[in-house]
Structures are given as C-alpha cells and as structure tokens.
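Good morning. Please have the sequence and the model open while I talk.

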Amino acid sequence: MDFEQVVMKRRAVRRFEEGGVDREVIERIARLAQRVPSAGFSQGQRLVVVTEPDQRREVARIYGEVEYEPIFGRWISECAAQFIPCVSEAIYHRRYQEPDKMDEDGVEIDWPIPYWWVDIGATMQNVMLAAVNEGLGCGFVGADAAGIAELKTYLGIPDEFEPIGVMPVGRAIADVRSPSLRRGWVPFEDFARWERWGQA
C-alpha cells in the first residue's frame, strides 16, 4: 500500500474478527515496530505479543473490557493479537551514563524531555501503520495504575518496564465510531505553523 494511503486509512478500530491472521503477518508487524528511533540508540522499547485466546481474554478483563462491551463489544479480546508496548526509563539512564553520552564532567545529561515516552510512541505508531499496511486494523486501550500493575504481574513484565496499554490488532469489522470524532480535525493552518508560531 502507498505510504500516504496507509497514513490516511489509519484509525482507531474497536471491533475485529476473532483470530484469522497468520503468525507470519503478526511477526512482520512486530519486526517493523522495532525499527524506530531511540535516544542514544538506547532501544528501551519492548513488545509483548499475545495471541493465545485465553490469555487475550484475561488481558481484556484486566483492561476493563466489560465496561466497553455494551458499546463496542469484546473488541479487546476478540482480535488476532494484542500488542503491548513497554518502555524502560532505566535503560535510557544506563545508556546516558556510558562514556560517550556523559558530559565533560562525567555526568548524565539533565533530561529536558523524557524521550523514552517519545520513543515508545514511535513504536506504537509503527504497529498502527504496519497493521494498516497488512490490511488490518488496530486499536488502543489504556488502564489505571491498578490495571497496569495487574497486567505486569500476569504477563511477567519486569519491574523496570512500563506497559503503555493494549493494542488489539486484527481484521476490522463494522464498529461504533467514537463520538469524539464529531469534533473534526483541527484546521491544517492551525496545526502547521511556518517559520514561527505567530507573526512578530
């Protein structure tokens, strides 16, 4: 698929066929998710990919599928795979304490922006776009602190990694669009500013 088509076709899908996607396709998406930038090439991003139906149902339970079900159906559990992007802030700090990244006083940089969040966002975007390129859909759901802790325990995610949420991927079927879409897109002229934010 042409890149512009992939970007324009991407949307948050909230209903999928159950299963029906070959392991090779899921793996291609995961491999493309790895090919993103990271500060200092720290590579603090990881994916947990859940395909086994009973495990998908338990992940969906942890992430509150029962609350979404009256509107969207079982969209978190009924899919082909759940992609769970995780990131470790500690990996970035360890990388920036290596000799080539410390300042002249041998000190780690003062992080003006927590770039690990930027990098895991790039991982997530690659999952979304790679799914569309395969003719599939992708959604996203987050959780509260208790849900995150329970998911980490259930999936054995190491303490230093934070799961960002669950991204169900599969063959999209007719779903209920979010009412938030009625807001429409911000006009392009407000989104993209040329040379400077406003006039001097």
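I begin with a definition: two strands pair if DSSP finds at least two bridges between them. The elements themselves are also DSSP runs, where a helix (H or I) has at least four residues and a strand (E) at least two, numbered from the N terminus. An example of a bridge is Gly137, whose partner in E5 is Gly170.

Now the sources. This is a predicted model, in which local features need pLDDT of at least 70 and side-chain atom pairs count only at pLDDT 80 or more, while totals for chains, interfaces and linings use all residues. Residues are numbered from 1 along each chain as its sequence is written, and side-chain values use heavy atoms, with hydrogens and water left out.

The overall picture next. The protein chain has 8 helices and 5 strands, in the order α-α-β-α-α-β-α-α-β-α-β-β-α. Its C-alpha atoms fill a box of roughly 55 × 50 × 30 Å along the principal axes. Of its 200 residues, 39% count as buried. Buried means under 20% relative accessible area, exposed means over 50%, and partly exposed is in between, using a 1.4 Å probe and protein chains only. A contact means heavy atoms within 4.5 Å. Among contacts with a separation of 6 or more, 82% are between residues 24 or more positions apart.

Please find strand E2, residues 81-87. How many of the residues of E2 are buried? The count is 7 of 7. Ala81, Phe83, Pro85 and Val87 point one way, and Gln82, Ile84 and Cys86 point the other way. As a general point, side chains in a regular strand alternate between the two faces of the sheet.

Which strands pair with E2? Strand E1, residues 45-50, is joined to E2 by 6 bridges and runs antiparallel to it; there Val48 stands opposite Ile84. Strand E4, residues 162-163, pairs with E2 in the antiparallel sense over 2 bridges, with Cys86 opposite Pro163. E5 is antiparallel to E2 as well, with 3 bridges. Two of the facing pairs here are Phe83 with Met167 and Ala81 with Val169.

E5 itself covers residues 167-170, and both of its faces are covered. Met167 and Val169 are buried on one side, Pro168 and Gly170 on the other. E5 also pairs with strand E3, residues 137-138, over 2 antiparallel bridges.

Why does Pro85 count as buried? Because its relative accessible area is 0%. Leaving aside neighbours within four places in sequence, its contacts include Arg46, Leu47, Ile120, Met124 and Met167.

Ile91 sits in helix H5, residues 89-95, and is buried at 13% relative accessible area. Not counting residues up to four places away, Ile91 touches Ser42, Gln43, Gly44, Arg46, Glu160 and Phe161. Tyr115 lies in helix H6 and, at 34% relative accessibility, counts as partly exposed.

Now the cores. A nonpolar core is a set of buried Ala, Val, Leu, Ile, Met, Phe, Trp, Tyr and Cys residues joined through side-chain atoms within 4.5 Å. In soluble globular proteins, nonpolar side chains tend to be buried together. The largest core here has 20 residues, of which Ile84, Leu151, Leu155 and Val166 touch the most other members. Helix H3 (53-62), E2 and helix H7 (145-155) each supply at least two residues of this core, and H3 gives the most, with 3. Beyond its neighbours within four places in sequence, Leu155 is in contact with Val48, Val50, Gln55, Val59 and Ile84. There is also a second, separate core of 17 residues, which includes Val25, Ile26, Ala130 and Leu136.

Last, the helix pair. Helix H2, residues 23-34, and helix H6, residues 115-133, pack at an angle of about 145°, with their axes 8 Å apart. Axes are lines fitted to C-alpha atoms, for helices over the stretch in contact, and angles run from 0 to 180 degrees between N-to-C directions. H2 contributes Ile29, Leu32 and Ala33 to the contact, and H6 contributes Thr123, Asn126, Val127, Ala130 and Ala131.

That is the end of my tour.
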